[in-house]
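Keep the 3D view open and follow along.

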Amino acid sequence: MRNNNFYGKGKNYDLHIHFDTHVGKRYSILDYALPIIEQEREIIGFVKHSGKPDFKKVLDFEVLYGIELRFPIVGHIAKGYDYRLAHVSDGFDILDLIDLIAKKKIDIIAHPLTQNTWCSDWEYLFEALLEHGIALEYNAKYSSDETLYQSAVNKGVSVSFGSDAHAPNESYCIIPKFVTPFEELKIGR
Ligand SMILES: [Zn+2]
Ligand SMILES: [Zn+2]
């Protein structure tokens, strides 16, 4: 039976769990096992901001490894990650960076609705995302405007899900219905 905090279709997934944290404490993948099991997640994407994908495979479910790159200053990208997220830095218009984002083979625009990130024309951005096959992330921490996601989905844009957990207890969250099934996301190209 489905855990009742997953309303989507397909596999129950979370593609934005931080393996490196901004705080002093570091968690291991094993620390995340309980929320993953309790929420019946089937695919987990662990994310780092930099370095090599030197995670250890210790859990018995599907794990992907992602890198969350800061735009516009991206820097070196280590090989071996399964997918890439774009974190648009404060004060930048996502639209201004979309060509660079596509060039860096980004799969997902992370948290497009943080307080200081903005987009001057969402409709135009949706078209660009469609053209490049990039998903928009519904981020459990910064995604209050559900109508925006609904209109993205209506235009055919993929909406991925990410808790943006920086600690195991932060990975408990509700996945809304309009999130694109994992099977339909184009992850890792
Ligand atoms: Zn971020
Ligand atoms: Zn993040």
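## Two helices side by side

Helix 2 (residues 94-103) packs against helix 3 (residues 122-132) at an angle of about 5°, and their axes are 10 Å apart. Because of that angle, helix 2 counts as roughly parallel to helix 3. Bear in mind throughout that this is a predicted model.

Which residues make the contact? From helix 2 come Ile94, Leu95, Ile98 and Ala102, and they meet Tyr124, Leu125, Ala128 and His132 in helix 3. Sorted by class, the contact of helix 2 with helix 3 has seven nonpolar residues, one polar residue and no charged ones.

Seven of them form an open sheet, in the order 1-2-3-4-5-6-7, and the pairing is parallel. Strand 1 and strand 7 are the edge strands, each pairing on one side only.

Start at the strand 1 end. Strand 1 (residues 13-18) is mostly covered, with six of its six residues buried. Strand 1 runs parallel to strand 2 (residues 43-48), and four bridges join the two. If you want landmarks, Tyr13 stands opposite Ile43 in strand 2, and Ile17 stands opposite Phe46 in strand 2.

Phe46 is handy for stepping across to the next strand too, as it stands opposite Tyr65 in strand 3. Strand 2 and strand 3 pair in the parallel sense over six bridges. Strand 3 is in turn joined to strand 4 by six bridges, and these two also run parallel. Here you can look for Arg70, whose bridge partner in strand 4 is His87.

Which way do the residues of strand 7 point? In a regular strand, side chains alternate between the two faces of the sheet. In strand 7 (residues 159-162), Val159 and Phe161 point one way while Ser160 and Gly162 point the other way. All of these residues are buried.

A few spots deserve a look at the backbone angles. The peptide bond from Phe71 to Pro72 is cis, with omega near 10°. Pro72 lies in the loop between strand 3 (62-71) and strand 4 (83-88).

His111 is not a glycine, yet it has a positive phi of about 20°. You will find His111 in the loop between strand 5 (108-109) and helix 3. Is His111 buried or exposed? His111 counts as buried, because it has 24 C-beta neighbours inside 10 Å and the cut-off for buried is 20 or more.

Asp164 is another residue other than glycine with a positive phi, in this case near 60°. The place to look for Asp164 is the segment after strand 7. Asp164 has 23 C-beta neighbours inside 10 Å, so it counts as buried.

Asn12 is found in the segment before strand 1. With 21 other C-beta atoms within 10 Å, Asn12 is buried. What does Asn12 touch, leaving out residues up to four places away in sequence? The contacts are Phe6, Glu40, Arg41 and Glu42. As for Cys119, it is 107 residues from Asn12 in sequence and 29 Å from it in space, C-alpha to C-alpha.

Glu170 is found in the segment after strand 7. Glu170 is partly exposed, because 17 other C-beta atoms lie within 10 Å. Not counting residues up to four places away in sequence, Glu170 touches Ser163 and Ala165. Glu170 and Thr180 are 10 residues apart in sequence, and their C-alpha atoms are 22 Å apart in space.

Terms used: Residues are numbered from 1 along each chain as its sequence is written. Chains are lettered from A and ligands numbered from 1 in the order in which they are written. This is a predicted model: local features need pLDDT of at least 70, side-chain atom pairs count only at pLDDT 80 or more; totals for chains, interfaces and linings use all residues. A residue is buried if 20 or more other C-beta atoms lie within 10 Å of its own, exposed if 12 or fewer, and partly exposed in between; C-beta atoms are placed from the backbone. Two strands pair if DSSP finds at least two bridges between them. Axes are lines fitted to C-alpha atoms, for helices over the stretch in contact, and angles run from 0 to 180 degrees between N-to-C directions. Angles under 35 degrees count as roughly parallel, over 145 as roughly antiparallel, 65 to 115 as roughly perpendicular and the rest as oblique. Two residues are in contact if their C-beta atoms, placed from the backbone, lie within 7 Å. Ala, Val, Leu, Ile, Met, Phe, Trp, Tyr, Cys and Pro count as nonpolar, Asp, Glu, Lys and Arg as charged, and the others, Gly among them, as polar.
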